[in-house]
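This briefing is meant for a reader who is meeting the structure for the first time. Please keep the sequence and the 3D view at hand while reading the points that follow.

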Amino acid sequence: MSDAQAPAALSTAERSSRPSSPRSGSGEPSRTADLYLDVTELTARLVTAVEESRRTTPHPAVSHPAGAHLLDAFLLSAGICQIVEDRLQGASWGARRLVDHLAPGARGPAARSALRAARLGVGLSAGAFRSVAPGRGLRRWGDGMAALRDLLAGRVVDDLLADTPGPERLGGGRGHAPDADLVRAVHEAAARLTTLPATGALLGAEYLRPPSCFRSFDQHPADTVELARRFTGPHGTRHRPLLVLGVRTSGSYLAPLAGAALRRLGHRSVTVGTTRPGLALLPGRAAVVRAVRESAGAVLVLDDPPATGGSLAAVAAAAEHAGFPADAVVPLFATFEDDGPVPDVLRRYPCLVLPGGDWEVHRRLGAAALADLLPDLLPGAARAAARAPEIGPAGPLSRWSHISVPLTAHVPDAEGREHALPLVAQWAGVGYLGRQAVTVARALDGLVPEVHGFADGVLLRTRLPGEPGPGPGPEPEPGPEPGTGADRTGRPRPAEVARYVAARQRLLAVPADRSLGLAGRQPVWEVAARILAPVGGRLDPVLRPALLHPLARSLLAAPRPCVVDGRTGDEHWTPDGSGGRVKTGFADGAFSNLDLATYDAAFDLAGAVTEAPGDPAHSHPAEAELLSAYEQLTGRRIDPARWCLLRLVHNWDAARLARTADPARAPLVRAHERRAQAAAVQRFLADAYLADLDTDPQGPWCVLDVDGVLESDVLGFPASSPQGVLALRALRAHGYRVLLATGRSLPEVRDRCAAYRLAGGVAEYGAVAFDARTGTVHPVSGTDATGLRRRLAALPGVFVDPYARWSPRASAGDGPRRTALPARTVAGLLRRPPYGTRFTVVTGDAQSDFVPRGVDKAGGVRTLLAALGDGSAVPALAVGDTAADLPLLTWARRAAAPANAAPAVAAAGVPPARHPYQAGLAEIVGRLIGHRPGGCPDCRTPGHTPEVRALLALLAVPEAGRAGAAPRIAALARATARARADAPPGGTGPADRERPG
């Protein structure tokens with residue numbers, strides 16, 4: 001079966017039967033499970049859907065408010081219009097993405113003026129494109145498809161209104177073209193697509209954006225119809241012209257439905273269009289907007305349930321700018337809460353809101369609707385159910401997960417004996433967008449809960465033993481909010497995760513990695529480039545599009561593309577009753593409202609070892625076991641550079657979701673994110689430079705400070721660099737043993753000791769020592785800092801580091817702009833007994849550290865050396881950069897400081913290096929061993945893959961400072977070119993960057 005012939009909707013028989021096991025080599029699941037479709041594929045499926053609408057009659061036992069095939073046809077046509085409009089209006093153009101990328105960095109009137117001019121230029125270019133032959137042809141075809149979309153929207157709305165009691169009741173099919181005419185119009189549109197000039201260049205690399213409203217959120221077209229009904233009201237005027245604007249992407253679906261509903265409800269002049277924030281109301285159709293305005297019309301703006309309301313507000317403001325008064329601009333939207341407040345940015349407009357309690361999903365998952373639906377969806381014998389099912393309460397609506405209902409059906413077995421069948425009815429999305437879950441379940445038969453069927457948004461599957469039932473007993477708990485780590489009763493075994501991920505890679509394989517063409521839509525590679533962008537400093541506006549994006553694309557192109565899960569954290573696995581765990585939510589993560597598009601199975605592996613931001617550990621304890629299990633199953637090893645970037649993206653995403661779920665926790669989440677991101681880079685650098693050093697050194701001790709010496713904060717979180725870890729390699733290879741002595745917390749010292757294979761370290765300015773060999777903690781200070789931590793946390797605007805226990809670390813504010821506490825605040829605290837007699841203050845650029853009196857790094861190192869059985873040793877080398885390091889520097893036999901050291905260090909006679917930070921550390925180590933690190937056979941840099949070399953080159957850019965930036969950028973360009981040459985073109989082809997195990 002070709003893709004054009006793939007069914008757009010399940011037939012009645014398919015709805016009524018269990019998904020069968022996939023046939024080996026059939027390829028059907030991979031085709032229908034991928035939702036990033038291009039216009040050609042969408043058009044082919046549209047043809048199939050309208051043809052099926054004539055041939056298929058919905059099963060009478062199933063309550064369908066809209067025919068499944070016509071609903072699919074509408075969804076497909078709306079998706080086509082979204083792609084065409086983005087192309088015609090320049091929203092998907094690289095030039096516009098570049099302007100949007102530069103906007104946050106615009107400083108000063110000149111930069112802002114240049115940015116406005118650039119935006120104007122892009123807008124003029126889009127207008128010019130619409131006036132030339134290819135643009136005119138595409139526009140005419142798009143206008144025809146929009147008319148077809150609106151016709152299909154009318155059919156969907158008529159089915160929804162057909163059962164409405166009272167004066168709004170409409171006869172089915174009124175005002176429609178006959179089915180034959182509809183099919184002919186669709187065939188003609190498909191035929192015209194192939195004749196458009198330069199079609200491949202115009203649309204070939206443009207892919208659908210699945211609408212959050214009907215894919216990730218629990219909305220139904222009936223909700224949009226209800227909004228239109230409430231806008232009209234029983235006595236509303238129907239003569240006022242209406243401009244119904246959808247904010248793309250979801251607005252491409254919501255606006256046509258709302259426009260059709262308003263027409264059916266009697267409004268005589270309704271114009272439907274879509275736009276994006278930052279564009280004109282109807283780009284290229286100014287006369288239409290002017291006509292509505294001059295007729296005292298209103299603008300209705302529709303979008304997803306708002307989080308901040310920024311997109312709705314931007315389009316509403318554009319309507320005001322176009323001459324509409326604020327009271328003529330009406331945002332229409334649903335909210336997840338029954339009493340959710342209207343976002344502040346929308347309060348100036350007469351918003352019309354559909355509360356969460358009024359959503360259609362509640363009726364469709366209600367007891368009556370499910371009782372009617374079950375006989376059609378359950379396997380054959382269940383149709384003769386002995387008695388009504390037990391149905392439990394539904395969980396709350398959520399932006400993060402689909403609503404579900406536990407139920408128990410009582411069905412007869414082959415002998416007629418009744419038995420209980422535990423089930424879950426859950427929302428999955430409407431039409432083919434929701435039916436994708438059935439396709440995935442069919443492919444993964446035996447690896448996910450059995451799916452019994454799907455009808456009009458409702459997916460019926462087996463309920464696992466670890467899931468709550470309808471009663472008696474506790475009611476089902478709502479799904480965990482992202483990033484909270486809630487509802488975690490255990491972890492899946494690494495072998496279970498690896499088997500599931502490897503199976504998806506095999507059974508849901510697709511021909512190409514389409515995420516590589518989703519620039520501007522926050523795919524995984526784009527987020528990875530954003531995380532690494534600070535290495536470019538002021539050159540980021542140039543380096544990111546020129547080098548970082550190509551590098552990230554090449555490093556993260558899926559070697560064997562597949563439809564990923566996207567949500568493999570511990571909270572998405574459920575006990576199976578026999579000691580194992582089964583993956584639930586197996587079709588919710590990919591193609592979701594959270595973006596992060598990828599086709600790389602390794603993304604799912606990385607998600608399984610990403611801790612929630614509230615957890616104390618920075619990495620999953622079974623990470624190595626998981627990677628080993630995957631390697632054994634597939635015979636392939638994931639490249640360390642790729643793994644590092646995937647970990648960075650998952651950590652970023654976990655923190656993003658946690659901050660959104662609970663903004664009050666944002667400072668705490670950022671602290672956890674910084675630690676997790678630092679750990680990911682530590683592991684990568686350690687794998688690159690230390691993994692092959694098997695022998696533990698037995699020579700003299702060297703003690704290194706962390707911040708400003710071994711690491712810096714260029715990336716927005718503390719991380720070393722190639723020169724820093726190469727210096728560690730050289731010390732270890734030449735027999736030196738390394739300890740850390742830092743102001744950072746004990747957990748952070750633990751992280752670095754584990755990554756860099758160090759014997760131990762001293763944390764919190766010497767207040768506590770850690771023996772990494774035994775995992776033993778040795779407190780040096782007996783001062784209890786609990787009261788001071790509480791006092792600091794009670795101060796307004798002060799954030800206390802959650803990890804620093806012995807020497808509290810506090811900062812004013814949070815994020816990149818955090819600073820040390822004001823001197824007046826510190827002085828006031830120290831005047832309070834007993835703090836002034838127990839603590840001194842070490843002031844940094846971004847924090848104030850309260851260190852117990854009598855504690856210093858030298859004392860901490862002495863305690864640690866004694867614990868290590870070498871209490872009489874004196875460090876052969878100590879490297880530090882602040883006054884807090886002086887006791888250690890003056891004690892060691894040899895002391896040095898990088899060029900960035902504080903003046904007090906040089907004043908104490910500590911010789912400075914010529915270079916700062918990690919370059920300075922490498923210089924100092926070179927003096928000790930007699931040559932630059934990596935310059936002899938003992939410490940020579942090991943061989944690396946092109947991907948590892950490229951990421952190392954990127955992390956090395958800041959090492960040389962501004963003066964040496966040009967050579968480092970040139971080296972990065974060369975490494976990027978090599979990595980791109982090694983990558984599979986387009987994510988396909990014979991090249992395979994998962995190395996044989």
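Which residues does Leu-46 touch, not counting residues up to four places away in sequence? In this predicted model, the residues touched by Leu-46 are Ala-73, Leu-76, Ser-77, Ile-80, Met-145, Leu-148, Leu-152 and Val-186. The points below start from the nonpolar cores and go on to sheets, a contact across the chain, and local backbone features.

**Nonpolar cores**

- The largest nonpolar core has 230 residues, and within this core Leu-46 and Trp-141 are the residues that touch the most other members.
- Helix H4, which covers residues 68-88, gives the most to this core, contributing 12 residues.
- There is also a second, separate core of 23 residues, and among its members are Ala-759, Ala-873, Ala-895 and Val-910.

**The five-stranded sheet**

- Five strands make up an open sheet with antiparallel pairing, and their order is E6-E7-E8-E10-E9.
- Strand E6 (387-391) and strand E9 (451-455) are at the edges, where each has a single partner strand, so one side of each is left without a neighbour in the sheet.
- On average, and with direction ignored, neighbouring strands of this sheet are turned by 25° against each other.
- The antiparallel pairing of E9 and E10 runs over four bridges, and Val-451 stands opposite Arg-461 in E10.
- Helix H16 (residues 367-377) packs on this sheet and touches E6, strand E7 (404-412), strand E8 (418-427), E9 and E10, while the direction of H16 makes about 120° with that of E9.
- Helix H17 (residues 431-443) also packs on the sheet, where it touches E9 and E10, and its direction makes about 170° with that of E9.

**The four-stranded sheet**

- Another open sheet consists of four strands in the order E19-E20-E22-E21, and its pairing is antiparallel.
- The edges are taken by strand E19 (798-800) and strand E21 (839-843), each with a single partner strand, so one side of each is left without a neighbour in the sheet.
- Strand E20 (residues 809-812) pairs with strand E22 (residues 848-852) in the antiparallel sense over two bridges, and Ala-810 stands opposite Ser-848 in E22.
- Helix H27 (residues 786-794) packs on the sheet in contact with E19, E20, E21 and E22, and its direction makes about 145° with that of E19.
- Helix H28 (residues 823-830) packs on the sheet as well, touching E21 and E22, with a direction that makes about 25° with that of E22.

**A contact across the chain**

- Pro-465 lies in the loop between strand E10 (458-462) and helix H18 (494-507), and this proline is exposed, with a relative accessible area of 56%.
- Although Pro-465 and Pro-575 are 110 residues apart along the chain, their C-alpha atoms are separated by 6.5 Å.
- Leaving aside its neighbours within four places in sequence, Pro-465 is in contact with Pro-575, Asp-576 and Gly-577.

**Local backbone features**

- Arg-248 and Thr-249 are joined by a cis peptide bond with omega of about 20°, and Thr-249 has its place in the loop between strand E1 (242-247) and helix H12 (251-264).
- A cis peptide bond also joins Pro-833 and Pro-834, with omega of about 5°, and Pro-834 lies in the loop between H28 and helix H29 (835-838).
- Glu-764 has a positive phi of about 55° although it is not a glycine; this residue is found in the loop between strand E16 (760-763) and strand E17 (768-771), and Glu-764 is buried, with a relative accessible area of 0%.
- Tyr-917, likewise not a glycine, has a positive phi of about 50°; Tyr-917 belongs to helix H33 (residues 917-929) and is partly exposed, with a relative accessible area of 39%.

Conventions. Residues are numbered from 1 along each chain as its sequence is written. This is a predicted model: local features need pLDDT of at least 70, side-chain atom pairs count only at pLDDT 80 or more; totals for chains, interfaces and linings use all residues. Side-chain values use heavy atoms; hydrogens and water are left out. Two strands pair if DSSP finds at least two bridges between them. Contact means heavy atoms within 4.5 Å. Axes are lines fitted to C-alpha atoms, for helices over the stretch in contact, and angles run from 0 to 180 degrees between N-to-C directions. Buried means under 20% relative accessible area, exposed over 50%, partly exposed in between (1.4 Å probe, protein chains only). A nonpolar core is a set of buried Ala, Val, Leu, Ile, Met, Phe, Trp, Tyr and Cys residues joined through side-chain atoms within 4.5 Å.
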